[in-house]
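This report describes a protein chain whose sequence and model are shown below.

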Amino acid sequence: MPNHTIFNERPESQDRALKVIEKLGYTIVPRSEAEKKRGSRRAVLFTEELQSFLSHQTYQFGTEERYFSGGSIAKAMQTMDQFSAAGLYAENKTIYELLCAGKSMEEDLPDGTRQSFDLSFIDFEHPENNTFQVTDEFEVERPNGKFARPDIVVLVNGIPLVVIECKKSSVDVMEGVNQNIRNWGEEYIPHLFRYTQLVLAMNPDKVLYGTCGTPAKYFVSWHEDDKEWLNNWCRKCSPDGQIKDMEFDLGFNCLGMRSNNPVLPGLEEAFKDTETYVYTIGDSVRARRIMEGTMEGRAILNVLESQGYLHLEPLE
């Protein structure tokens, strides 16, 4: 009988990703338990986790710390689970704003007055108060009654904030990117992606990220300026204790810095025979300020300058 070795994404990519996320402090929820928490394969929230977190939120009234009422908790739950006709991207933005700013709730006070207080969906000041979970094979019902099954979903307080598609090493990571894009389409499972703040595709050699609505060619690799911090976390979280440097993906952004020193034509020529996408993002000085305002943007500018493509003068 032939001795076949079968390679698939589960042990090579998906299981390793789960182990890394678990070492970051997330609790792995088995698929069967995750389906019970959701109530149905149409639903995507872990409602008990969300309700429990909200029920522990308090507000200050004078010297007294008070819990939010059951009515406020119910309204907050309804707000998070309420769909609108505004479309996926508008809904995703609304969820983002709720996650960042919370929702104002009116409470009856002991002195007979009513006053509004902010109810948070995530405790950013005290991360230990949140519930961090991850599950896999997250099967979600489509409008036609069939199912789509993202490989990994990461939840905070029962809210699915990250979706990850895993591929084996022999499969181009862009297949995972395209699978995510397909899944947030109207005929698939957009009701999951209305919550998703990060969308990832990975194989053992590469990880790309975007957000809901990001075109495929703009999914990029994440890079940190602080290499020591990054390597320490990688050693802590790597399933085998090994870390591997990824090739820097500088091919998603370029810009002409000033009209008297354009770099776009030179970059287009330099990268014409590669899979790098080169495009301009508008006014040079303004664009540079935008780039320098982000960690990843600064990293790109530094690499381009170190390779001799740019000579950057300080902006006034």
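**Confidence of the model**

Which elements of the protein chain have the lowest and the highest mean pLDDT? Helix 10 (residues 284–292) has the lowest, at 54, and strand 9 (residues 152–156) the highest, at 98. Here pLDDT is the predictor's confidence in each residue, from 0 to 100, while helices (H or I, at least four residues) and strands (E, at least two) are DSSP runs numbered from the N terminus.

The mean for the protein chain is 82, and 75% of its residues reach 70 or more. Residues 1–7 have pLDDT below 50, and beyond near neighbours in sequence this stretch has 1 contact (heavy atoms within 4.5 Å) in the model. Over residues 248–261 the pLDDT is also below 50, but that stretch has 54 contacts beyond near neighbours in sequence. Where pLDDT is low, predicted coordinates should not be read in detail.

This is a predicted model, in which local features need pLDDT of at least 70 and side-chain atom pairs count only at 80 or more, whereas totals for chains, interfaces and linings use all residues. Residues are numbered from 1 along each chain as its sequence is written, and side-chain values use heavy atoms, with hydrogens and water left out.

Six strands form an open sheet of mixed pairing in the order 1-6-9-10-11-12; strands pair if DSSP finds at least two bridges between them. Strand 1 (27–28) and strand 12 (206–210) each have a single partner strand, so one side of each lacks a neighbour in the sheet.

Strand 1 pairs with strand 6 (residues 132–136) in the parallel sense over 2 bridges. Thr 27 has Gln 133 of strand 6 as its bridge partner.

**Trp 229**

Trp 229 lies in helix 8 (residues 227–237).
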